[in-house]
Amino acid sequence: MIKAIQAILTGVFFTFILDFILFLGLKLHYIDAYRLDVYFNPFFVDNQNAPLFILFSLFIGWITIYRKSVKSAAIVLSLLFLFSAAPLVPSAGMKIGNALFRQTNIEIKVPPYTYRGDIIYTDRSQLYFYDTDLQRLITLPKENK
């Protein structure tokens, strides 16, 4: 019982660190690259995937506590760290950010205007939209989507 709790807590700890590094790279090389007025904390919290976080926490906890081979745990954690650190590379951060957040060829009608372009990012209250006709970034209230 104690070993299971230790595995869960260890998995949550390591998953949180990997998750933080991933979103730090996305903030630096996707959100900040478009000069969006988004703070890190809401960005980090709003984009969490609870089932995926739980799955990774259980897997990492199992591999670090229950596996007999420390070498295999170190290799898996190193690989997961490399994958989560990929967005810290500017080009990779932009590509991953585009894949996760960008929606292309969207048309939004806000009477009397119609905007055509890409949704760069959506947060709790705003939509960051790149209008291809105007060639500029527009911030719209979220309810107009």
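**Entry 1: the strands**

I began with strand 1 (residues 103-110) and strand 2, which run antiparallel and are joined by six bridges. I take helices (H or I, at least four residues) and strands (E, at least two) as DSSP runs, numbered from the N terminus. Two strands pair if DSSP finds at least two bridges between them. This is a predicted model, where local features need pLDDT of at least 70 and side-chain atom pairs count only at pLDDT 80 or more, while totals for chains, interfaces and linings use all residues. Residues are numbered from 1 along each chain as its sequence is written, and side-chain values use heavy atoms, with hydrogens and water left out.

I looked up two bridge partners in strand 2: tyrosine 113 for valine 110, and arginine 116 for glutamate 107. Strands 1 and 2 form a hairpin with two residues between them.

Next I followed strand 2 to strand 3 (residues 126-131), and found antiparallel pairing over five bridges. Threonine 122 stands opposite leucine 127 of strand 3. Three residues make the link in the hairpin that joins strand 2 to strand 3.

**Entry 2: the cores**

I moved on to the largest nonpolar core, which has 13 residues. A nonpolar core is a set of buried Ala, Val, Leu, Ile, Met, Phe, Trp, Tyr and Cys residues joined through side-chain atoms within 4.5 Å. Buried means under 20% relative accessible area, exposed over 50%, and partly exposed in between (1.4 Å probe, protein chains only). The residues with the most contacts inside this core are Ile31, Leu36, Val38, Phe43 and Tyr121. Helix 1 (2-31), helix 2 and strand 2 (113-122) each supply at least two of its residues. Helix 1 gives the largest share, four residues. Apart from this core I found another, of eight residues, including Val110, Tyr115, Leu127 and Phe129.

**Entry 3: helix 1 against helix 3**

How do helix 1 and helix 3 (residues 50-65) pack, and at what angle? I noted an angle of about 120 degrees, with the axes 7 Å apart. The two helices are therefore oblique to each other (under 35 degrees counts as roughly parallel, over 145 as roughly antiparallel, 65 to 115 as roughly perpendicular and the rest as oblique).

I picked threonine 15, which is found in helix 1. Threonine 15 is buried, with a relative accessible area of 6%. Leaving aside neighbours within four places in sequence, threonine 15 is in contact (heavy atoms within 4.5 Å) with Phe53, Phe56, Ser57 and Ile60.

**Entry 4: phenylalanine 40**

My last stop was phenylalanine 40, in helix 2 (residues 40-46). Is phenylalanine 40 buried or exposed? Phenylalanine 40 is buried, at 19% relative accessible area. Not counting residues up to four places away in sequence, phenylalanine 40 touches Phe20, Phe23, Leu24 and Lys27. Phenylalanine 40 and lysine 27 are 13 residues apart in sequence and 6.8 Å apart in space, C-alpha to C-alpha.

Technical notes
Axes fitted to C-alpha atoms, helices over the stretch in contact; angles between N-to-C directions.
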